[in-house]
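Dear colleague,

Please find below the structure I am handing over to you. My findings follow directly after it.

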Amino acid sequence: MVSNYDASNLECEYVQCAVCEKAITGGKWFARIKHGTWMVALCCPLCAETFERGPHPYIRRIETLEFMSQSRPEPPA
Ligand SMILES: [Zn+2]
């Protein structure tokens with residue numbers, strides 16, 4: 001399954017917890033948090049707390065994954 005951390009769509013069937021990467025299906029997240037341009041989903045109170053304490057590494061990871069899934073890898077020079 002493709003990775004998906006974008007929880008901006010309330011109808012999304014599948015999204016991953018921004019902290020632990022657990023798959024969340026059917027909109028059964030514990031919380032959604034808006035951070036910059038991102039709306040992320042958190043699966044449990046612990047993940048929500050972890051994210052709120054230090055969202056930057058998680059946002060960075062999401063941005064990297066999204067970037068990689070959108071662009072073709074460059075062949076090594
Ligand atoms: Zn989680």
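Val40 is part of strand β4, which spans residues 38-42; helices (H or I, at least four residues) and strands (E, at least two) are DSSP runs, numbered from the N terminus. This is a predicted model, in which local features need pLDDT of at least 70, side-chain atom pairs count only at pLDDT 80 or more, and totals for chains, interfaces and linings use all residues. Residues are numbered from 1 along each chain as its sequence is written.

Val40 is buried, because 26 other C-beta atoms lie within 10 Å; the term requires 20 or more such atoms within that distance, with C-beta atoms placed from the backbone. Beyond its neighbours within four places in sequence, Val40 is in contact (C-beta atoms, placed from the backbone, within 7 Å) with Tyr5, Ala7, Ala18, Arg32, Ile33, His35 and Ile62. Between Val40 and Ile59, 19 residues apart in sequence, the C-alpha to C-alpha distance is 8.8 Å.

Ala18 in turn touches Tyr5, Val40, Ala41, Leu42, Phe51, Tyr58 and Ile62, when residues up to four places away in sequence are not counted.

As for the chain as a whole, its 2 helices and 4 strands follow the order β-β-β-β-α-α along the sequence. Of its 77 residues, 23% are buried.

Kind regards

Methods: Buried ≥ 20, exposed ≤ 12 C-beta atoms within 10 Å, placed from the backbone. Contact = placed C-beta atoms within 7 Å.
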